[in-house]
Amino acid sequence: MAIELPAQPKVGMVSLGCPKALVDSERILTRLRADGYAMSGDYAGADVVLVNTCGFLDSAKEESLAAIGEAIAENGRVIVTGCMGNEAEAIRARFPDVLAVTGAHQYEAVVEAVHEAAPPGQGPFVDLIPQALDEGGGIKLTPRHYSYLKISEGCNHGCSFCIIPQLRGKLASRRIDAVLREAEKLVAAGTRELLVISQDTSAYGVDIGHEPREWHGRQVRAHMTDLARELGSLRTPDGQVPWVRLHYVYPYPHVDAVIPLMAEGLLTPYLDIPFQHASPSVLKAMKRPANEARVLERLRNWREICPDIAIRSSFVVGFPGETEQDFAYLLDWLDEAQLDRVGAFRFEPVAGAPANDLPGAVPDEVKEERYARLMARTEAISAARLTAKVGRVLPVIIDEVGEPDEEGDIGATGRSQADAPEIDGNVFLRNVAPSLRPGDIVEVEVEDADAHDLFGVIAAA
Ligand code: SF4
């Protein structure tokens, strides 16, 4: 007798916003998978579509609203979650047909809404149906060879341009053993690069008194330095040290302790520090954490200990009250700091942020002009730093391998340790072996550079 399996409801997902939102999407999907749902890669095949929104900037909100509109037009059965979920009324006013709106990290609420919209298949066979999972047991939206590792939610600061604490609440750190277990599983399942994310990685564990937990027979604190050391002791199944990148690090004094781990090759020599500005008066108006004068000296010390360390940062131009003098200070500071990677934003008022009430709004044309000057300056610095790498042999992680061209040559795209996925540059390789795979880490001789990327060939063994 043939047993008829209950149909598996299918969930589509549109994930917008930052890597932190992507991790939320992965968690929601993993949970839904455990409840017997399948994934749908397109609108048409989905019984319900989840839109994970970003509500940080007005432009991101617009993008989120457009995505909700598209999902409604294409499928009609839409649940909204994520940062914009806190503006349920505005969403419902524009899209009265959305089935449910839940806020950021309300995993239970969003799962419940999916259950209501498309009840899970019942019966003992559902759990046996194979699912498209990564080997660690979770659903990953990032390629298998790199994974985001979220260590905390929320933030205790009150930067005047930011509404993240309003959207996501106060700092809530995960237990260190849970974070390390997740990291270990990811690496065992094929992750070669872990990207540690939070709103403030340096503050990890402050809210839970850096509570120690037992991990592999020893006590480990919920503290950035303990976390970094433990992540640095992970090994891939073939005995390699996985790349471990720290994002959103504020330059608190204890950051100095992780630089030697980078020099030893246990942590990727890369720090993503969102400085946002350099002028003391602008930083004060921004209410930035760890705003201290000795940062340049610390950068010099870090480079002495670990010459290959790459520093990435982002900056805001045209913050209210920013004078030409403040901006010139920032340019001079950048000349001194010689940052490897810089992202820049023109100040944009975010609804609900205290900075909107500050005096001295900078006219749009001045913002544009400063933005162009900042980009020109940082591009020149980046180009010089990349040119200095020509002739060196560097480890590169492969993201994509191309098809053979008419001469049979295969190209590949990868990243050096100075390049985080999505936000930094690439290393373009010529003439690779057909056996090369995404996730392979290879030694590359750098042949050329431009303002953002490197070009090279796999070094002779
Ligand atoms: S540190 Fe500042 S910018 Fe970052 S999330 Fe917290 S309040 Fe926002």
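Predicted model: local features only at pLDDT ≥ 70, side-chain atom pairs only at ≥ 80, totals over all residues.
How many bridges join strand E18 to strand E20, and do the two run parallel or antiparallel?

1. To take the opening question: strand E18 (residues 427–429) and strand E20 (residues 454–458) are joined by three bridges, and they run parallel. If you want a spot to look at, find Leu429, which sits opposite Gly456 in E20.

2. That pair belongs to a barrel. Five strands close up in the order E16-E17-E18-E20-E19, with mixed pairing. On average, neighbouring strands of this sheet are turned by 50° against each other, direction ignored.

3. Beyond its neighbours within four places in sequence, Val446 is in contact with Lys389, Val390, Gly391, Arg392, Leu394, Leu454 and Gly456. Take Gly391: Val446 is 55 residues from it in sequence, yet 5.3 Å from it in space, C-alpha to C-alpha.

4. Now for the other sheet on my list. Five strands form an open sheet in the order E2-E1-E3-E4-E5, and the pairing is parallel. Its edge strands are E2 (38–39) and E5 (100–101), each of which pairs on one side only. Strand E1 (residues 10–15) is joined to E2 by two bridges, and Lys10 stands opposite Ala38 in E2.

5. Helix H1 (residues 19–34) lies across E1, E2, E3 (48–53) and E4 (78–82), running at about 175° to E1. Helix H4 (residues 107–117) packs on the sheet as well, touching E1, E3, E4 and E5, and its direction makes about 175° with that of E4.

6. Helix H7 (residues 224–232) is worth a click too. Its buried residues are Met224, Asp226, Leu227, Ala228, Glu230 and Leu231. They pack against several elements, including helix H6 (176–188), strand E9 (193–197), strand E12 (243–246) and helix H8 (259–263).

7. Last, the ligand. Which residues are around it? They are Cys155, His157, Gly158, Cys159, Cys162, Ile164, Pro165, Gln199, Asp200 and Pro289. Sorted by type, this shell has six nonpolar residues, three polar and one charged.

Key:
Residues numbered from 1 in each chain as written. Near = placed C-beta within 6 Å. Nonpolar A, V, L, I, M, F, W, Y, C, P; charged D, E, K, R; others polar. Pairing = 2+ DSSP bridges. Helix = DSSP H or I, 4+ residues; strand = E, 2+ residues; numbered from the N terminus. Axes fitted to C-alpha atoms, helices over the stretch in contact; angles between N-to-C directions. Buried ≥ 20, exposed ≤ 12 C-beta atoms within 10 Å, placed from the backbone. Contact = placed C-beta atoms within 7 Å.
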